[in-house]
Amino acid sequence: MNEIEITRRGEIAVVMVDNPPVNALSQAMRAALLSAADALDRDDAVKAVVLACAGRTFIAGADVREFDLPPLEPHLPDVIARIENAEKPWIAAIHGTALGGGFEVAMGCRFRIALESAAVGLPEVTLGIIPGAGGTCRTPRLAGVETAVKLAVGGRPLGARKALEAGLIDAIVEGDLVAEAVAFAEKALQQPLPAKTSARPIAAIDEAFWSEAEKDKAKPGYRAPLAALSSIRFATENPFDAAMLNERGLFLELRASDEAAALRHVFFAERSAARPAALKTVEPRPLKSIGIVGGGTMGTGIGAAALMAGYPLTLIERDEAAVARGLSAIEAVLAGAVRRGKLTAAKQAFLLEGLAGTTDYQALSACDLVIEAVFEEIAVKRAVFAELDRVCRADAVLATNTSYLDPRRIAEGLSHPERFIGLHFFSPAHVMKLLEIIPVPETADDVLATGFQLARALGKIPVTSGICEGFIGNRILKRYRAEAEQLVRRGVAIAEIDGAMRDYGFKMGPFETQDLSGLDIAYLQREGARSEGQDVPETLGDILVRAGRKGQKTGGGWYDYREGERKPVVSSEVAALLQPRIEASDALDRTAIADHLIAAMADEGRAILAEGIAAKPEDIDLVKIHGYGFPRHRGGPMFAS
Ligand code: T1G
């Protein structure tokens, strides 16, 4: 669309922006706003202007798709200055989310009114940049330095009520937003206008505020929060025009940065993953109630996520004690959400009314979806699905949460195999955002679409995976770990490898992570494969597990751990155990180590793409970021290599 429509209501002009899906400020929109301001200043019959938007939201920001191009004129700061200096006052009528450049336009208006349900924000730092059209210069003039820092450095939006209290907006209205804005404009014309935002003073702030505000803002790879803070501070200590130039310079520098490019890549990858084109016209199956079989860590994590998303939940376990344990684990997750302010006590009580647990599979007979999350053993899983086949409706979706077994083998013999699908959640399932969706050849499109609908409802990032050992994420993890062990065999120190990956941006390196989760999980998988006759070469991890070193839980794995401590200590016992396997004494620096391991991940990613296990490189990036802690500001292994 990229359209602006100007209509009149008496002496008030209404400028209606219409650029689906979120009224982003494309170059065409900026040009249209500029010419609207010129035209309306020339029209003597117009005394004030209401700026409103069609569709689901007020302007949600600059058009991020333009950021890989050089900035195009007219530049947004100039458009906003034109609106702010218009002869007729502009009133922003906000619904949905006025974000980034959208809120900057609103702050250039003389007034801002909003619906109660609206929100305003400056989320630029989440994209590795800072506001580039006056956000750090006008916000402190409207609402003071502390609110400006909360908005532009924190990056989280404020609801209309809080925005009103902070002085960011002038009124909250109900009902017909445009009509209310026109009435507001007519009333505003009856009295002297407030000063333009850029002409307002900034209330003084204690010097001590800045050092406090800087604390814990310097995250590796994320320069934007500190840059936004410095831009706000500059605006408090310099004239508006100088502050605008300073802000623009910082914005343009960050806009061109690697981390901004990576964060934009992830932003768009997440959105395209949520709604695959192939399913655009496919209606998911009705999804109103969910059953979970298995009240262990995964089952209760998935169950808690489903319950908090509003689905009534039935938990099945093999005996009453296990049912009770499962229910209390789910209740504990909700209690935690209340403690953290994520859930009100009233909502917690309401949701818990929808929770039931039993040993009787018959309780699942009405469920629209049942997810199996029992022990990772084919026979155990098959027995569960035999029961589900017996009691569930023929159109109920049946899903396995297996993390590495072949879903086709699990589904063998199932009646209506078209309703079967793999849904691989990551632990803790109520926290981790990744959901690998694994269709079997018979899976019907509407069942696949139901998996994506569930992901959206649970706030997950869904990625379709083909069937191979470990699907996308665990297959790359296995290659990553093997490559890291290969470096150890070449004489690179274990602690140097972990240090290199932490320097790169991971919270933990590959060896520390294994010590945390336990070396025996992968060891048992290898032993299982060996017992089935597969040729699985010995790994260094095997040597450690056989020596009783399973990780933190046994006081030592790749590292030693002092009693009750989690700090890894380089282990002379490990050095002695592995010495016979060390074949060289390579000395790689940390950058070379990280480059080598990221390249190995990307190499495995290319093989996964070639085999059709993943549809596109950005899906692999999302899997590693949302399931394995790959640093977001690096964009993922495929983007980074
Ligand atoms: N630019 C381009 N496309 C955008 C966009 C944007 N700013 N925001 C959303 N989209 C697309 C998105 O890719 C998807 O496309 C569709 O809109 C729906 O998005 C100068 C420089 C507004 C809260 O960071 O937070 O202004 O997949 O699925 O869940 O200082 O979109 O349908 O083809 O997310 O309802 C600052 C980013 C930019 C806001 C709506 N603004 N957007 O959420 O829909 S930088 C932002 C969002 C800036 C100035 C600076 C959300 C939303 P498709 P969606 P949603």
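**A walk through the predicted model**

Strand β11, residues 313-316, is covered on both faces. L313 and L315 are buried on one side, and T314 and I316 are buried on the other. In a regular strand, side chains alternate between the two faces of the sheet. This structure is a predicted model.

Strand β11 has a partner. Strand β10, residues 290-293, pairs with β11 in the parallel sense, over four bridges. Within this pairing, I290 stands opposite L313 of β11.

Strand β16 spans residues 434-439 and is mostly covered, with five of its six residues buried. Strand β15, residues 420-425, runs antiparallel to β16, and five bridges join the two. Here F425 faces L435 of β16. Strand β16 also pairs with β17, residues 461-464, in the parallel sense over four bridges. The bridge partner of E436 in β17 is V463.

The loop between β15 and β16 holds P428. The peptide bond joining S427 and P428 is cis, with omega about -5 degrees. Another cis bond runs from E73 to P74, with omega near -5 degrees. P74 sits in the loop between β3 (48-53) and α2 (76-84).

Now to a helix. Helix α5, residues 145-152, is mostly covered: six of its eight residues are buried. They are V145, T147, A148, V149, L151 and A152. In an α-helix there are 3.6 residues a turn, so residues three or four places apart point the same way.

Next comes the ligand. It is surrounded by 28 residues, and the closest are R56, A62, E104, E124 and R271. Backbone atoms take part as well. A backbone N or O atom of A60 lies 2.9 Å from a nitrogen atom of the ligand. For V64, a polar backbone atom is 2.9 Å from a ligand nitrogen atom. A backbone N or O atom of A62 lies 2.7 Å from an oxygen atom of the ligand. Taken alone, the ligand exposes 990 Å², and the protein buries 78% of that. The elements that give two or more residues to the shell are β5 (97-99), α3 (101-108) and α11 (258-274). Helix α11 gives the most, with three residues. By class, the shell has 16 nonpolar, five polar and seven charged residues.

Is R549 buried or exposed? R549 has a relative accessible area of 6%, so it counts as buried, since the cut-off for buried is under 20%. The side chain of R549 reaches the backbone oxygen of G557 at 2.8 Å. A polar contact of 3.0 Å joins the side chains of R549 and E573. Leaving aside neighbours within four places in sequence, the contacts of R549 include L519, L544, Y559, D560 and L577.

Two loop residues have a positive phi. N23, in the loop between β2 (12-18) and α1 (27-42), has phi near 55 degrees, a positive value in a residue other than glycine. D216, in the loop between α8 (207-214) and α9 (224-237), has phi near 50 degrees, and this too is a positive value in a residue other than glycine. Which way does accessibility go for each, buried or exposed? N23 is buried, with a relative accessible area of 2%, whereas D216 counts as exposed at 69% relative accessibility.

Terms used. Residues are numbered from 1 along each chain as its sequence is written. This is a predicted model: local features need pLDDT of at least 70, side-chain atom pairs count only at pLDDT 80 or more; totals for chains, interfaces and linings use all residues. Side-chain values use heavy atoms; hydrogens and water are left out. Buried means under 20% relative accessible area, exposed over 50%, partly exposed in between (1.4 Å probe, protein chains only). A polar contact is a pair of N or O atoms within 3.5 Å; within protein, one must be able to donate a hydrogen and the other to accept it, and residues adjacent in sequence count only if both atoms are side-chain atoms. Contact means heavy atoms within 4.5 Å. A residue is near a molecule or strand if one of its heavy atoms lies within 4 Å of it. Accessible areas come from the Shrake-Rupley method with a 1.4 Å probe; for residues, only the protein chains shown count as cover. Ala, Val, Leu, Ile, Met, Phe, Trp, Tyr, Cys and Pro count as nonpolar, Asp, Glu, Lys and Arg as charged, and the others, Gly among them, as polar. Two strands pair if DSSP finds at least two bridges between them.
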